[in-house]
Amino acid sequence: MTGSKQDSIAIDCGGRLLLLDRPRIMGILNVTPDSFSDGGECLSPKEALMHAHRMAAAGADIIDIGGESTRPGAAPVSVQQELDRVIPVIEAVWTEIRIPISIDTSKPEVMKAAAAAGAGMINDVFALRREGAMQAVAGLNLPVCLMHMLGEPRSMQQQPQYQDVVAEVESFLLDRARDCEAAGIAKQNILLDPGFGFGKNMDHNLELLRQLSRLSSRGYPLIAGLSRKSMLARITGRKVDQRLAGSLTLAVLAVRAGAAIVRVHDVVETHDAIKVLSAVWPRTPESV
Ligand code: 9MG
């Protein structure tokens, strides 16, 4: 892994630092009625804020706030709807909790408004492919997570196909990173994410996980989002609210393969799992 290279990295999330000296936890805060695993739990800004407090107390290092579900078949939302959902929550979380906030959005208007409200990182499942998104992030001078997705959320799980999933995801991400740098986004502000479950079948997800250290050794911090994902339903047969053990296993495997940040629902348990892993392997080896 790039562990030794990333040890000294501190990502400046709009004035709040995210140190990558050890694996970090991104807690998921969906303010959507239809997210795949926790939709409807965090609808009001007050409930969302309480959940953010719980995640921060449990060891979250950054909170990822999203107002549009990326689940297959989820209803698209307008810019105004998304703003109405996320901005009050970002403002409240920023005021009360002193850890970085990321905004999970693909819309440049939401990126800008979220940054003005306190978001210090952009998490874009479209990897800044929406019109105006790359320019928006270049202007904000904030870190951005570029995620791989084959197709669109609506149709991405309809028989996704690759010749070589790892090579294709890798070249997509490195091309996007190069384009972002050419557009004025600083290299140290770029994080990559293979996008588990986004236009990938079970075999694709497993192969990406097996070769994750290849992606984590490309000079950009890697984010892995595996929490409660449907590959766990295929493997364990469990419903979405019964996938904790599977999610922890995948989080540990991802960190062991060099993921700098894991994006999770279950912060308390992930925090413990990573502590145990880190006790065994204080530093992730160069190659795993
Ligand atoms: C918003 N979102 C849902 N799943 C995700 C994943 O795996 N990675 C990132 N970066 N964002 C995600």
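E82 is found in helix α3, residues 79-96. A helix here is a DSSP run of H or I with at least four residues, a strand is a run of E with at least two, and both are numbered from the N terminus. Before I go on, this is a predicted model, in which local features need pLDDT of at least 70, side-chain atom pairs count only at pLDDT 80 or more, and totals for chains, interfaces and linings use all residues. Residues are numbered from 1 along each chain as its sequence is written, and side-chain values use heavy atoms, with hydrogens and water left out.

Back to E82. Is E82 buried or exposed? E82 counts as buried, because its relative accessibility is 1%. Buried means under 20% relative accessible area, exposed means over 50%, and partly exposed is in between, with a 1.4 Å probe and protein chains only. If we leave aside neighbours within four places in sequence, E82 is in contact with G67, E68, V77, D104, T105, K107 and V110. Contact means heavy atoms within 4.5 Å.

Next, the helix pair α3 and α4. Their axes are 9 Å apart, and the packing angle is about 20°. That angle makes α3 roughly parallel to α4. The axes are lines fitted to C-alpha atoms, for helices over the stretch in contact, and the angles run from 0 to 180 degrees between N-to-C directions. Angles under 35 degrees count as roughly parallel, over 145 as roughly antiparallel, 65 to 115 as roughly perpendicular, and the rest as oblique. The crossing of α3 and α4 is right-handed. Right-handed means that the near helix is turned clockwise from the far one by less than a right angle, and left-handed means anticlockwise.

Which residues meet? From α3 there are V79, E82, L83, V86, I87, I90, E91 and W94, and from α4 there are E109, V110, A113, A114 and A117. The residues of this contact of α3 with α4 divide into ten nonpolar, no polar and three charged. Ala, Val, Leu, Ile, Met, Phe, Trp, Tyr, Cys and Pro count as nonpolar, Asp, Glu, Lys and Arg as charged, and the others, Gly among them, as polar.

Now α4 and α5. The axes of this pair come within 8 Å and cross at roughly 15°. So α4 is roughly parallel to α5. The crossing of α4 and α5 is right-handed. P108, M111, K112 and A115 of α4 make the contact with A133, A136, V137 and L140 of α5. Here the residues divide into seven nonpolar, no polar and one charged.

What about α5 itself? Helix α5 covers residues 133-140, and its buried residues are A133, M134, A136 and V137. They lie on the same side of α5, because they cover an arc of only 160° around the axis. The arc is that of the directions from the helix axis to the C-beta atoms. Those buried residues pack against α4 (108-117), β6 (121-124), β7 (144-147) and α6 (165-182). On the face turned away from the buried side are the exposed residues Q135 and G139.

Last, two backbone angles. N141 follows α5 and lies in the loop between α5 and β7. N141 is not a glycine, yet its phi is positive, about 55°. N141 is exposed, with a relative accessible area of 57%. R228, also other than glycine, has a positive phi near 60°. R228 sits in the loop between β9 (223-225) and α9 (230-236). At 15% relative accessibility, R228 counts as buried.
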